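Welcome! Please look over the sequence and the structure below, and then we will walk through the sheet and the ligand together.

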Amino acid sequence: MSQNTSSAVMQQRSEPHDSLDDFPTQPWATRALCEHVLSGCYLRNKTVWEPTCNRGHMVDPLGDYFNAVWASDIHDYGLDGAFQHDFLMPFTPHVMKWAMAKPDWIVSNPPFRLAEQFIERARGVASEGVAMIVRTSFLEGIGRYENLFSKNPPSIVAQFSERVPMVKGRLTATGSTATSYCWLVWIKGAGNTKLVWIPPCRKKLERADDYAAYGEVAE
Ligand SMILES: C[S@@+](CC[C@H](N)C(=O)[O-])C[C@H]1O[C@@H](n2cnc3c(N)ncnc32)[C@H](O)[C@@H]1O
């Protein structure tokens, strides 16, 4: 069998150690979380904080399902209403009021190399649940097993049946990827880890204007 080595397919989201990991999430993947994974969580009157909001590609879809969305990022990408904040540092006064108010949920696509710390911090702040989209390979590793999964296993592992192409600095309607993603969800008081699959849903959940800012149209 011939191997597909096109640069899009080979995109591995590998970044220098100090990179911001600027790989935005296609909006349909966040809609898939709300429609297929959190559908029983009555999100309509809940608050959610997206602490790595970037250009708002998760913030927008979250706004369709939650009552209020708070947005921050370590870097200012120009998103209206977002605060600049390093999620792993002590809370600044702006952000303190959110942390004190305890958002019901924290939903994010954290920088890969800091995902474990993001999960730990988010679990300490959100009052109801935390959902993080991560590469499926995040599930393996002795360090992560010992530090995270053996002590605080997620309530739900939701594996995408489709690929979610992420490219640096923008959204793409057409890109492909060799990387598989899943949502990890921690819900306060939930029991043992449940493995679920997110059915094919990209076509249904994608909107024509999702990629408009990048001059692309959903296929
Ligand atoms: C993989 S991107 C995800 C962006 C956005 N959540 C999305 O999915 O479209 C990671 C984001 O984390 C931000 N980031 C990196 N380190 C951070 C930190 N310590 N605190 C807050 N945001 C951080 C980057 O600026 C970048 O926007």
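Strand β1 (residues 47-50) runs parallel to strand β2 (residues 68-73), and 4 bridges link the pair. Here strands are DSSP runs (E, at least two residues) numbered from the N terminus, and two strands pair if DSSP finds at least two bridges between them. Glu-50 has Ala-71 in β2 as its bridge partner.

This is a predicted model, in which local features need pLDDT of at least 70 and side-chain atom pairs count only at pLDDT 80 or more, while totals for chains, interfaces and linings use all residues. Residues are numbered from 1 along each chain as its sequence is written, and side-chain values use heavy atoms, with hydrogens and water left out.

Elsewhere, β5 (residues 129-135) and β7 (residues 181-187) run antiparallel, joined by 7 bridges; Ala-131 stands opposite Val-185 in β7.

How do the strands line up overall, in which order? The open sheet has 8 strands in the order β3-β2-β1-β4-β5-β7-β6-β8, and the pairing is mixed. Its edge strands are β3 (83-84) and β8 (194-198), each of which pairs on one side only.

| Protein side | Ligand atom | Distance |
|---|---|---|
| Thr-52, backbone N or O atom | nitrogen | 2.6 Å |
| Asp-73, polar side-chain atom | oxygen | 2.7 Å |
| Phe-87, polar backbone atom | nitrogen | 3.0 Å |

Taken alone, the ligand exposes 600 Å², and the protein buries 98% of that (Shrake-Rupley areas with a 1.4 Å probe).

Key: A polar contact is a pair of N or O atoms within 3.5 Å; within protein, one must be able to donate a hydrogen and the other to accept it, and residues adjacent in sequence count only if both atoms are side-chain atoms.
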